[in-house]
Amino acid sequence: MQYFKFIGVIICLAISVQLHSQKGYLKGYIIDNDNDTVFGKIKDKKAEPFGKLYSKIRFKEGRGPAVRFSPYNIKEYKIGAERFISMWFYESNDFFIFKANSSEGKGQKRFFKLVSEGYLSMYYLYFEDEDGIDY
């Protein structure tokens, strides 16, 4: 009888560790720089109340360990229903006039949330401020 209790405790611990390690991951995919699509689970920010954006997303394929990808490593990713595109970004200002620019090779690459796609596409850039994550 003790043997069955021991096995039950081990199974419960294994399940709880597995569930805890999956916390915050959502189904999605990545598209790498070679245009290959890989499906798995993605996590791109820490959960509230201490939420923060990750500079590199976490990607799990199957039960393996998470692999981190920066905007330089992949073209885009989709997490849940949201798509994020990797684009070059730099800011310029001229006496309190601030401009956001995207030009190949200038500034740094960042992930932008795709809001609307078409002839004229709209993107949001997420950032962190003292109140948390905003765009």
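Accessible areas here come from the Shrake-Rupley method with a 1.4 Å probe. On that basis the protein chain, which is a predicted model, exposes about 10,200 Å², and carbon and sulfur atoms supply 57% of this area. Of its 135 residues, 27% count as buried.

The secondary structure of the chain comes to 1 helix and 11 strands, and, read from the N terminus, the order of elements is α-β-β-β-β-β-β-β-β-β-β-β. Among the contacts between residues at least 6 apart in sequence, 37% join residues at least 24 apart.

In soluble globular proteins, nonpolar side chains tend to be buried together. In this model the largest nonpolar core has 11 residues, namely Ile30, Ile42, Ile57, Phe59, Phe69, Ile74, Tyr77, Ile79, Phe84, Phe111 and Tyr126. Strand E3 (53–60) and strand E5 (74–79) each supply at least two residues of this core, and the largest share, 3 residues, comes from E5. A second, separate core of 6 residues includes Ile85, Met87, Phe112 and Leu125.

Phenylalanine 84, a member of the largest core, touches Asp44, Lys75, Glu76, Tyr77, Ile79, Phe111, Phe112, Lys113 and Tyr126, when residues up to four places away in sequence are not counted.

| Ring pair | Distance of centres | Angle of planes | Class |
|---|---|---|---|
| Tyr77 and Phe84 | 4.9 Å | 10° | stacked |
| Phe89 and Phe112 | 5.7 Å | 65° | edge-to-face |

The pair of tyrosine 77 and phenylalanine 84 counts as stacked because the planes of the two rings stand at 10°, and both of these residues are buried. Ring pairs also link Tyr77, Phe84 and Phe111 into a cluster, and each of these three residues is listed in the largest nonpolar core.

The pair of phenylalanine 89 and phenylalanine 112, with planes at 65°, is edge-to-face, and it links distant parts of the chain, since phenylalanine 89 lies in strand E6 (residues 82–93) and phenylalanine 112 in strand E8 (residues 108–116), 23 residues apart. Phenylalanine 89 has 10% relative accessibility and therefore counts as buried, as does phenylalanine 112 at 7%; the cut-off for buried is under 20%.

A ring is also involved in one further arrangement, in which lysine 60 lies over the face of tyrosine 25, at 4.7 Å from the ring centre.

Technical notes:
Residues are numbered from 1 along each chain as its sequence is written. This is a predicted model: local features need pLDDT of at least 70, side-chain atom pairs count only at pLDDT 80 or more; totals for chains, interfaces and linings use all residues. Side-chain values use heavy atoms; hydrogens and water are left out. A nonpolar core is a set of buried Ala, Val, Leu, Ile, Met, Phe, Trp, Tyr and Cys residues joined through side-chain atoms within 4.5 Å. Buried means under 20% relative accessible area, exposed over 50%, partly exposed in between (1.4 Å probe, protein chains only). Helices (H or I, at least four residues) and strands (E, at least two) are DSSP runs, numbered from the N terminus. Contact means heavy atoms within 4.5 Å. Rings of Phe, Tyr and Trp (its six-membered ring) pair if their centres lie within 6.5 Å; planes under 30 degrees apart count as stacked, over 60 as edge-to-face and the rest as tilted. A charge sits over a ring if NZ of Lys or CZ of Arg is within 6 Å of the ring centre and within 35 degrees of the ring normal.
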